[in-house]
Amino acid sequence: MRQPLYVTDALAVGYTAISRQPFILLFSIGLSVYLWLGSAIVLALPPTDVQDIVTQWLGTFHAIDARTLLLITNVIPVLAPGPEATLPPPLYLPVAQFVIAVISLNLIALSLSSGFMVLLRQMILNERSEWKITLVRSLTVAYHLAGFFGIAGGVLGPLFGLSVLIVFYIPAATPFIYNGWILLGIFALVGFGLTPEIIILHNERPVAALRKSWQLARRRWFAIATFLAVCTIVEVGFAQIWRALATQPGWLAPAIIGNAYIGSGLRAARLQFYRAHAATVALS
């Protein structure tokens, strides 16, 4: 018998959990407020009289805000400011301080994300744990998520570097490289996109969680692809609306709260979606 997709069921459970315990929205609200009201952290431009290749390469990072684009360990939904937003003057840092800022921001994001996901887990499972147990579980999750991000970076980093070299020496290959990364992203998202949820729910180590995610994807590929597509469309679509509202006078707070509710509900729904499909696979 064909299994149901659990898309609407997972979304219903996720948003019901968020509505019952809205305090979880404070994670997203706090980070979004920091992004909108705090100063951007950018790399200072090198001296104009220095023209070596490394200096020119570093200069390309001048427009990147370390708080947003380089927060690779963050899984908390945030409303990032768009180019039309009015922000405080940026903070320009030299290379060494910029690298330290990036590392520090990622460590903070990893810690907050782990606590956020562990609390979501407790909400979905209706658990009541002491704060010490929650803290220990959050630290364990942070350790395992760090391993997962490390594995992902170790695989994708060299591939990205190779892609840059190919495009640099063979510009005609750019469309093929671009389309190849799109296909790779879709494959990785469906095949291994539920790895964080497996780590959160089962306290699995990164390699074991990746294996479980792939095993589930092999048997529920269409269902996972459909669910993740729905989540992406909802989150990206609403983010455009919230970002447009946030630039209007008096609408920043409602936009941040609305984005926190939509995004946090989707994170909770992902946990429930994996639970439902993992249970059917185990029973089949």
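# Salt bridges, cores and loops in a predicted helical model

Arg-121, Glu-127 and Arg-137 are joined in a network of salt bridges. The model is predicted. The protein has 10 helices and two strands. Of its 284 residues, 40% count as buried.

**Overall layout**

- Starting at the N terminus, the order of elements is α-α-β-α-β-α-α-α-α-α-α-α.
- Among contacts with a separation of 6 or more, 80% are between residues 24 or more positions apart.
- The protein exposes about 15700 Å². Carbon and sulfur atoms supply 71% of that area.

- The side chains of Arg-137 and Glu-127 form a salt bridge, at 3.2 Å from N to O.
- Arg-137 sits in helix α5, and Glu-127 sits in the loop between α4 and α5. The two residues are 10 residues apart.
- Arg-137 has a relative accessible area of 25%, so it counts as partly exposed.
- Glu-127 is also partly exposed, at 24% relative accessibility.
- Gln-122 belongs to helix α4, which spans residues 95-125.
- Gln-122 is buried, because its relative accessible area is 8% and the cut-off for buried is under 20%.
- Beyond its neighbours within four places in sequence, Gln-122 contacts Glu-127, Ser-129, Thr-134 and Arg-137.
- Asn-126 lies in the loop between α4 and α5. Its phi is near 55°, a positive value in a residue other than glycine.
- Asn-126 is exposed, with 58% relative accessibility.

- The whole structure holds six salt bridges.
- Glu-197 pairs with Arg-270, and their closest N and O atoms are 2.9 Å apart.
- Glu-197 is in helix α7 and Arg-270 is in helix α10, so this bridge ties together parts 73 residues apart in sequence.
- Glu-197 and Arg-270 are both buried.
- Glu-235 and Arg-267 meet in another salt bridge, at 3.1 Å from N to O.
- Glu-235 is in helix α9 and Arg-267 is in helix α10, so this pair ties together parts 32 residues apart in sequence.
- Glu-235 is partly exposed, at 23% relative accessibility.
- Arg-267 is buried, with a relative accessible area of 15%.

**Nonpolar cores**

- In soluble globular proteins, nonpolar side chains tend to be buried together.
- The largest nonpolar core has 55 residues. Ile-24, Leu-120, Ile-224, Phe-227 and Phe-273 touch the most other members.
- Eight helices are listed as each supplying at least two residues of this core: α1 (7-20), α2 (25-37), α4, α5 (131-169), α7 (195-202), α8 (206-219), α9 (221-246) and α10 (252-283).
- Helix α10 gives the most to this core, with 11 residues.
- Another core, of 10 residues, lies apart from the largest one. Its members include Ala-66, Leu-93, Ala-101 and Val-102.

**Nonpolar surface patch**

- Ile-151, Val-155, Leu-156, Leu-159 and Val-207 make a nonpolar surface patch of about 390 Å².
- Helix α5 supplies the largest share of the patch, four residues.
- Val-207 lies in helix α8.

**The α7–α8 loop**

- Asn-203 is placed in the loop between α7 and α8.
- Phi of Asn-203 is near 55°, again a positive value in a residue other than glycine.
- Asn-203 is partly exposed, with a relative accessible area of 42%.

Terms used: Residues numbered from 1 in each chain as written. Predicted model: local features only at pLDDT ≥ 70, side-chain atom pairs only at ≥ 80, totals over all residues. Heavy atoms only, no water. Buried < 20%, exposed > 50% of the residue type's maximum accessible area, 1.4 Å probe, protein only. Contact = heavy atoms within 4.5 Å. Areas by Shrake-Rupley, 256 points an atom, 1.4 Å probe, with all protein chains shown as cover. Core = buried A, V, L, I, M, F, W, Y, C linked by side-chain atoms within 4.5 Å. Salt bridge = Lys/Arg side-chain N within 4 Å of Asp/Glu carboxyl O. Patch = residues over 30% accessible without salt bridge, like charges linked within 9 Å, V, L, I, M, F, W, Y side chains within 5 Å.
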